[in-house]
Amino acid sequence: MVITNLLLLLILFVAGVLFFGTRYTQRYFGGVNLETILIQLSMPLGGTNPEIVKSAVVSCAILPLLYSAAILVMYNVFGYFIGIFMGKTESYLLLAFLAMSLILLFSSMLYFNTLLKATRFMSLRSKKTDIYEKYYQAPESVSVSFRNGKRNVIVIYLESMESTFASREEGGLMKENYISELVALAKSNTSFSSVTGFGGYDQIDQAQFTIGALVASTAAIPINSTVNWKEMRDQGNIFPGVKTLGDMLNENGYKQEFLCGSDASFSDRDLWFLRHGNYQIWDYYAAVKNGYIPEGYHVFWGHEDQYLYECAKGELTRLAAGKEPFNFTMLTVDTHHPNGYICDKCENKYKEEFSNVLACSSEQLNDFVSWIKMQPFYENTSIIITGDHLSMIGDYFKGINKSDRRIYNCFINCPNISKAVTEKRVITSFDMFPTVLACAGATIEGERLGLGTNIFSNVPTLAEELGLDVLKTELSKHSEYYTGFFS
C-alpha cells in the first residue's frame, strides 16, 4: 500500500510540476521558452525580487504537491469505502487511478512541450550551425578609428520597454498612449522601426531577459543553452574570448560606469561590465553607501527609479568634470514584472496598475533627458535609449500576438545619422553594439562587429540578410566557434 501511494504521488507530482510550472512561466514571464528557462537557471539569482521567488515556489512546488496529495487522499478514501461496501476491489481502483494519473502526466507533458517548445529546443540543440564562421566579425580584426573625435555616450536601458505601449493611433498596440513622452522623443529624434512610422526592433529568444539583452547589445552574441555559465564564473570572467563595446571604449580611453537600482550581481551583470571595460559599478548598495537612500531601505528590486535618476545626475556631473570621454550605461527597474512598481511620483490615471507605472516611467525618463540637454557636456554627448527586452507581464497583453510587439529605441544627438533608413528595418539587439560605437564617433570598417551591424549605415543587418526566423533558428544550434568564447 505504501509503495502504491508513493508511485501515484510521484506520477501526480511530476504531472503537477509540468502543468503548474508551464502555466506559471507563460503567465508570469510572458511566454518564454525552455531554452530561456534553462539559461536563467544556470545563472546566479541572488538579489532577485522576493515576490518572484515566492511565486515560483508556490507555483512550481507547493501547488503540485497539494494537487498530488488531494488526489492521493481521494484514492485512499475511495479505496476504504469501496473495500467496506463492495469487497476486495482495490486492484480495479488502483488500475483506474493509475490510468488517470498517467493520462494527467501525458497531458501535462504535451502542455509543457507545446508551450515551451521543448521538442524544437532538443532538435536544434542536436544540430550544428556555421553562422559564426560565415558572419561573425571579430572586433579585434576590424579597423575602428575615432578620426573625427570621441563623443560621450549615455546608454539608457529601459526595463521591458516596448513601442507596444503606445496607442494604435501613434503606432503602438494599446487603446491609450501610456508612453506619450517616449513616443514624442522617438518622433522628434531618430528611432528605428520594423514598420512605417513609430515602432521598434525585434527580439531574439536569447535576449529576452536582461543579461541576455546586455550581452547581445554590447557584444553582438547570444547567450544560448550551450553556455557553461558556472565554468566562466569560476574563471572570473563572462565570455572571456569575446571583445565587447566596453573593451573597445576602454582601450580608447573612456571612463565607464554601469548604474542600476538593484543588486548588480544578479545574473553576474557586475562581472560582465567589470571584466569587459573596467566599468565602475553603481548599484543599490552604492546608493545606500553614498547616502542617496537610507540604510535598510529596500523596495521592489532595491530602490525605485526616482532615486536612480538622482544617482545618475550626480555621477554624470562627476564624469563630465574629468578630461576623459565617458560611457555611462544605466538600467531602470520600475517597469519590471510582475506588475511594475508604483512610486510616489506616479499618478492614478488608468485602471491598470502597470499602465500607471508606464506613464510614470515615460515622464521620469523625459525629465532626465531634459536635464541632460541643459548640461554643458550635452553638446558632445550621444544618448541612446532602448528597452532591454519585451515585457514579461503576460496577462497585460491579452489579444496581442507576441510576434507583433517590438522593443522601443531612440537615438538623440548622434552624429552622421541623417541618411539612415529608419523604417521597415529588421533589427535586433546585436545591432546596438556597432551602432552605439558609431554614436561615440567611431568609424567602423565594414560596419559590422560580432553579429551586429551599424544601423546608421547602408549595410543590411544579419536579420535582414538571412531573415529573422532563420537567424533565430541558427542561434539555438550548437557551434564549436561559439564555445570558444567561453575561455
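**Chat notes**

Guide: Let's start inside: F198 and Y408 are both buried, where buried means under 20% relative accessible area, exposed means over 50% and partly exposed lies in between (1.4 Å probe, protein chains only). Bear in mind that this is a predicted model, where local features need pLDDT of at least 70, side-chain atom pairs count only at pLDDT 80 or more, and totals for chains, interfaces and linings use all residues. Residues are numbered from 1 along each chain as its sequence is written, and side-chain values use heavy atoms, with hydrogens and water left out.

Visitor: Fine. How many helices and strands does the protein chain have?

Guide: There are 18 helices and 10 strands. Both are DSSP runs numbered from the N terminus, helices being H or I with at least four residues and strands E with at least two.

Visitor: What share of the residues count as buried?

Guide: 57% of the 487 residues.

Visitor: Contacts next. What share comes from residues 24 or more positions apart?

Guide: They account for 74% of the contacts with a separation of 6 or more, contact meaning heavy atoms within 4.5 Å.

Visitor: Give me one residue as an example. What is T386 in contact with?

Guide: Leaving aside neighbours within four places in sequence, T386 touches I156, Y157, L158, Y201, I407, Y408 and N409. T386 is found in strand β6 and is buried, with a relative accessible area of 2%.

Visitor: Switching to rings. How many aromatic pairs are there?

Guide: The count comes to 38. Rings of Phe, Tyr and Trp (its six-membered ring) pair if their centres lie within 6.5 Å; planes under 30 degrees apart count as stacked, over 60 as edge-to-face and the rest as tilted. Take Y132 and Y481: their ring centres are 6.2 Å apart and their planes at 10°, so the pair is stacked. Y132 lies in helix α6 (residues 131-135) and Y481 in helix α18 (residues 480-483), so the pair ties together parts 349 residues apart in sequence.

Visitor: Are those two buried or exposed?

Guide: Y132 is buried at 1% relative accessible area, while Y481 is partly exposed at 31%. As for F198 and Y408, their ring centres are 6.3 Å apart with planes at 55°, so that pair is tilted. F198 lies in the loop between α7 and α8 (210-219) and Y408 in the loop between β6 (381-387) and β7 (409-412), so this pair ties together parts 210 residues apart in sequence.

Visitor: Which residues form an aromatic cluster?

Guide: Y132, Y136, W229, F239, W272, Y481, Y482, F485 and F486 form one.

Visitor: On to charges. How many salt bridges does a search of the whole structure find?

Guide: 13 of them, a salt bridge being a side-chain nitrogen of Lys or Arg within 4 Å of a carboxyl oxygen of Asp or Glu. One is K187 with E170, whose closest N and O atoms are 2.5 Å apart. This pair links distant parts of the chain, with K187 in helix α7 (residues 180-188) and E170 in the loop between β2 (152-158) and α7, 17 residues apart. E170 is partly exposed at 28%.

Visitor: What about E465 and R448?

Guide: Their side chains meet in a salt bridge at 2.8 Å, N to O. E465 sits in helix α16 (residues 462-466) and R448 in strand β9 (residues 448-449). E465 is partly exposed at 41% relative accessibility, whereas R448 is buried at 15%.

Visitor: Last one: which residues make the nonpolar surface patch?

Guide: V53, V57, V58, I62, L63 and L66, over about 460 Å². Patches are made of residues with over 30% relative accessible area and no salt bridge, like charges being joined within 9 Å and nonpolar side chains (Val, Leu, Ile, Met, Phe, Trp, Tyr) within 5 Å. L63 is in helix α3 (residues 50-86) and counts as partly exposed at 32%.

Notes. Accessible areas come from the Shrake-Rupley method with a 1.4 Å probe; for residues, only the protein chains shown count as cover.
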